[in-house]
Amino acid sequence: PILGPDHQGSQYINRKGYFSMVLQALVDHKGRFTTSMSVAGKVHDARVFKNSGLFRRLQEGVYFPDRKITVGDVEMPIVILADPAYPLMPWLMKPYTGALDTEKELFNYRLSKCRMVVECAFGRLKGRWRSLLTRSDLSQTNIPIVIAACCVLHNLCESKGETFMAGWEVEANRLAADYAQPDTRAIRRSQRDALRIREALKASFQSERGNQ
């Protein structure tokens with residue numbers, strides 16, 4: 001949440017009706033932020049992502065090492081995990097939406113379980129830095145700098161094993177209730193190669209369950 005800007009204020013009003021900025025970040029398996037960007041609160045998550053340097057590097061195949069594995073008979077690269085607000089890409093896996101059978105439900109469960117590290121990272125970020133929970137009256141120019149600084153400090157705390165008190169997250173959740181997170185529309189765009197990769201992963205998860 002931010003103070004309404006003097007210029008182009010409508011671009012900062014999110015779907016819940018208050019002025020805000022979006023923090024979009026990529027989190028690694030240890031709960032550390034590897035890239036982040038902040039934009040006006042009205043912008044849809046998928047558009048934020050498409051306009052980012054991260055998207056361009058992933059699309060060009062230069063963000064991750066050029067390592068591929070074969071799942072079933074489908075070759076796939078290193079992928080990032082996202083929620084339904086993003087397009088399905090060969091290097092970006094998201095859950096199935098709509099009517100779900102047991103295989104799709106299992107895939108979504110596995111994906112959600114892996115993404116818990118992302119949810120925890122954001123929870124710990126907000127638990128440590130309360131300035132991200134209450135309205136910021138800084139200028140639009142300075143707010144992204146403060147957000148980025150919070151992400152860097154979070155990474156330092158996580159890397160050094162700094163204590164995180166459980167009560168901090170409880171307090172953060174209480175403060176966050178004043179500014180409910182806006183719902184984001186699901187994106188249904190998918191690439192053919194991405195569909196093949198997701199189907200291969202779904203079949204692999206089903207096979208693994210059968211072997212347990």
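Two strands pair if DSSP finds at least two bridges between them. Strands here are DSSP runs of E, at least two residues long, and helices are runs of H or I, at least four long, both numbered from the N terminus.

One word on the source. This is a predicted model, where local features need pLDDT of at least 70, side-chain atom pairs count only at pLDDT 80 or more, and totals for chains, interfaces and linings use all residues. Residues are numbered from 1 along each chain as its sequence is written, and side-chain values use heavy atoms, with hydrogens and water left out.

Strand β1 covers residues 21-27, and strand β2 covers residues 33-40. They pair in the antiparallel sense, over 7 bridges. Leu-23 stands opposite Ser-38 in β2. The hairpin leaves 5 residues between the strands. In that turn, Gly-31 has a positive phi of about 75°. How covered is β1? Mostly: 5 of its 7 residues are buried. Buried means under 20% relative accessible area, exposed means over 50%, and partly exposed is in between, using a 1.4 Å probe and protein chains only.

Next hairpin. β3, residues 68-71, and β4 pair in the antiparallel sense over 4 bridges. There are 2 residues between them, and Gly-72 in the turn has a positive phi of about 65°. Val-71 stands opposite Val-74 in β4. β4 itself has two faces: Val-74 and Met-76 are on the covered one, Glu-75 and Pro-77 on the uncovered one.

Asp-66 counts as exposed because its relative accessibility is 68%. Asp-66 and Ile-78 are 12 residues apart in sequence, and their C-alpha atoms are 8.1 Å apart in space.

Now the cores. In soluble globular proteins, nonpolar side chains tend to be buried together. A nonpolar core here is a set of buried Ala, Val, Leu, Ile, Met, Phe, Trp, Tyr and Cys residues joined through side-chain atoms within 4.5 Å. The largest one has 14 residues. Which residues have the most contacts inside it? Val-71, Met-76, Met-93, Phe-107, Ile-197 and Leu-201. β4 (74-77), α3 (102-128) and α6 (192-211) each supply at least two residues of this core. α6 gives the most, with 5 residues.

Look at Leu-201. Leaving aside neighbours within four places in sequence, Leu-201 is in contact (heavy atoms within 4.5 Å) with Val-71, Met-76, Met-93 and Phe-107. A second, separate core has 12 residues, including Ile-80, Ala-82, Tyr-86 and Trp-91.

That brings us to aromatics. Rings of Phe, Tyr and Trp, using the six-membered ring of Trp, pair if their centres lie within 6.5 Å; planes under 30 degrees apart are stacked, over 60 edge-to-face, the rest tilted. How many aromatic pairs does a search of the whole structure find? It finds 10. One of them is Phe-49 with Trp-91, edge-to-face, at 6.1 Å centre to centre and 65° between the planes. This pair links distant parts of the chain: Phe-49 is in helix α1 (residues 45-50), Trp-91 is in the loop between β5 (80-81) and β6 (92-93), and they are 42 residues apart. Phe-49 is buried, at 4%. Trp-91 is buried too, at 8%.

Phe-55 also pairs with Trp-91, again edge-to-face, at 5.6 Å and 75°. Phe-55 lies in helix α2 (residues 53-60) and Trp-91 in the loop between β5 and β6, so this pair ties together parts that are 36 residues apart in sequence. Phe-55 counts as buried, at 11% relative accessibility.

Charges over rings next. The rule wants NZ of Lys or CZ of Arg within 6 Å of the ring centre and within 35 degrees of the ring normal. The charged end of Arg-110 sits over Phe-205, 4.9 Å from the ring centre. Arg-198 lies over the face of Tyr-96, at 3.9 Å.

Last, cysteines. A disulfide is a pair of cysteine sulfur atoms within 2.5 Å. The count comes to 0. Cys-114 counts as partly exposed, at 48%. For Cys-157, the closest cysteine sulfur is in Cys-150, 10 Å away, also too far for a bond. Cys-157 is buried, at 15%.
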